[in-house]
Amino acid sequence: MSTRRLTVAQALITFLSRQYTERDGHKQRLINATWGIFGHGNVAGIGQALVESASEMRYLQGRNEQAMVHAAVGYARQSNRLSAHAVTTSIGPGATNLVTGAALATINRLPVLLLPGDTFATRPADPVLQQLELPSAGDITVNDALRPVSTYFDRVTRPEALIPAALAAMRVLSDPAETGAVTLALPQDVQAEAYDWPEEFFSERVWRVRRQAPDPDELAEAVRLVREARRPLLVAGGGVHHSAAEDVLAAFAEETGIPVAATQAGKGSLPYDHPCEVGGIGHTGTATANELARTADLVIGVGTRWSDFSTASGTLFSNPAVHFLNINITGFDAHKLVADPLVADARTALQLLAAGLVGHRVAPAYAAEYTEDKERWEYRVTAAFAADEDLVRPTQAQVLGALDALVTDEDIVINAAGSLPGDLHKLWRARSRDQYHVEYGYSCMGYEIPAAIGVQLAAPGRPVWALVGDGAYLMNPTEIVTAVQERLPFKVVILQNHGYASIGGLSETVGAERFGTAYRFRADDGTYTGAPLPVDLAANAASLGMRVIRAKTVRDLREALAEARAADVPTCVYVETETADTVSGVPPAQAWWDVPVAEIATRPSAVKAREQYDRHVAARRRQL
């Protein structure tokens, strides 16, 4: 057997450059680039290997370790999970900064390979700089914090151990049911150690992404359930996108007339103007979808993990006769809500389900009902978007309306946290399968800007928009520098409302009186009710290298958005909106969300909030 002598780090990068995925006959690189911030723990290992392999592995220079993972996740989502990025860090804080990004990736079932440096395997000095010491365990390092948020974790303490670890990592990254964050912790001395590797380790390897077919008996039962239902509702989740099942879903809906609602991850599975599309479901959903949910006798979940937002904390599906049918690639998710499971790839399952339903269609009266309800909701959307051209400080919805009037099906809109996800889920008119990119599995503030960079890398030439409030912007703006460095012409829209609008509104409803949610000076009485802070986020974005356009009126905003869309450099549009403690004009929540309220309180606001909470809790139902 022929061998090649390389360091562990050099062998790993060479191996990664020769891994591919294939689905439906389309082949692509599995690990297409490596993000990195270097320090002791990876500079002499992975860093040196990336220099040697520059022609085989693209390197992207990050500024914040968490942000690098977000960028990699954005890339993977835009790539339908068929291609991913690796992220390398030093030991210590560089490694622990990965935890939030890893949790986000795993919760959203999106692949990312994490390569944190680790303390010496040989322990020549104990402790070394940044080493965690536990008197009861000598083999624990800070990288063990990544175990619970990784779908696969291994620590490579000897060169030859890299071979099974690397192969296992690729298997998990390419597995549609198991994918998420994969961590290979790499002790810094092992990274630099040389070894004679078998040439076969570096052969091109293709990992085929399976399209699992359903069990015949489960499929037959699913057909029976759909045929017997009188008020079926299909809920599209992120699995529809991951499976590239949008066209099959559209054909299924058109043949059967079954209305299709969407979770945050599933929005855009059908374009907004499709006759069967009824909007977002759950706490941030539309009145149309939620009324259908309340009366549905069969709910078909496709590729959804059924979060509390989607089910309105167990209060939404209130028909006593309701039954659930879950189509999901994982048995874990397919059995949720005590559903009849159809464990399969979404695209494959929908095709086979449609074949068993030939000639079946919902009653015309049911189709007319949801069509009319949808038309009424669209009037509310148009009203929320409407704004006078000379208006100063538009509402958040009016900013979305200005963007909605500009974009085409090429544009991609990215958001993650705050009040924007709710407004987008209710109001945004998704025109294409991948236009709507809202991360709501972890709802991580600061995801938007780095994720937009990852999306831009995966979709060059398309307009990519990161929508951020002032709170989310302050969490993680650093990768703007990377976008400038890489000449990535993504766009950032900063909505400055001087506070946490989402949590402010929630605080008010639970009796906490918006405490600690506004960005204002501290008043003499100890409250934060003074003037807004003189913080200039536009100047901050400009200082990081972005071109910045300030908009005062709605007319200015429309012109600024159009200018940003046409720009070939990273461009920011900055607009001051109505403050966080004012009404936005968006239709209120159409379903409840469980946030427990103080059971005992002296302030009237909390007492009233508890009374309302108890009424909602009484409506909760466990599906059994």
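Which residues in α1 meet which residues in α6? Val8, Ala11, Leu12, Phe15 and Leu16 in α1 meet Leu162, Ala166, Leu167 and Met170 in α6. The views below start from this contact.

The model is predicted: local features need pLDDT of at least 70, side-chain atom pairs count only at pLDDT 80 or more, and totals for chains, interfaces and linings use all residues. Residues are numbered from 1 along each chain as its sequence is written, and side-chain values use heavy atoms, with hydrogens and water left out.

**View 1. Helix α1 beside helix α6 (residues 162-173).**
The axes of the two helices come within 11 Å and cross at roughly 30°. That angle makes α1 roughly parallel to α6 (angles under 35 degrees count as roughly parallel, over 145 as roughly antiparallel, 65 to 115 as roughly perpendicular and the rest as oblique). Axes are lines fitted to C-alpha atoms, for helices over the stretch in contact, and angles run from 0 to 180 degrees between N-to-C directions. Helices (H or I, at least four residues) and strands (E, at least two) are DSSP runs, numbered from the N terminus. The crossing of α1 past α6 is right-handed (the near helix is turned clockwise from the far one by less than a right angle; anticlockwise is left-handed). Contact means heavy atoms within 4.5 Å. The residues of this contact divide into nine nonpolar, no polar and no charged (Ala, Val, Leu, Ile, Met, Phe, Trp, Tyr, Cys and Pro count as nonpolar, Asp, Glu, Lys and Arg as charged, and the others, Gly among them, as polar).

**View 2. Helix α1 (residues 8-16) across helix α2 (residues 43-52).**
Here the axes come within 8 Å and cross at roughly 50°, and α1 and α2 are therefore oblique to each other. α1 passes α2 in a right-handed crossing. From α1, the contact uses Ala9, Gln10, Leu12 and Ile13; from α2, Gly45, Ile46, Gln48, Ala49, Leu50 and Glu52 take part. Six of the contact residues are nonpolar, three polar and one charged.

**View 3. The second largest cavity.**
A cavity is a set of points on a 1 Å grid over the protein atoms alone where a 1.4 Å probe fits but cannot get out, and lining residues have an atom within 4 Å of a point. Grid points are joined across faces, edges and corners, and a volume is the space filled by probe spheres set on the points. Of the 14 lining residues, Glu277, Gly279, Trp377, Glu378 and Lys426 are closest to the centre. β14 (277-280), α15 (364-385) and α17 (420-427) each give two or more residues to this lining, and α15 gives the most, with four. The lining divides into six nonpolar, two polar and six charged residues.

Terms used
1 Å grid on protein atoms, 1.4 Å probe; cavity = no way out; pocket = protein on both sides within 12 Å on 5 of 7 lines; lining within 4 Å.
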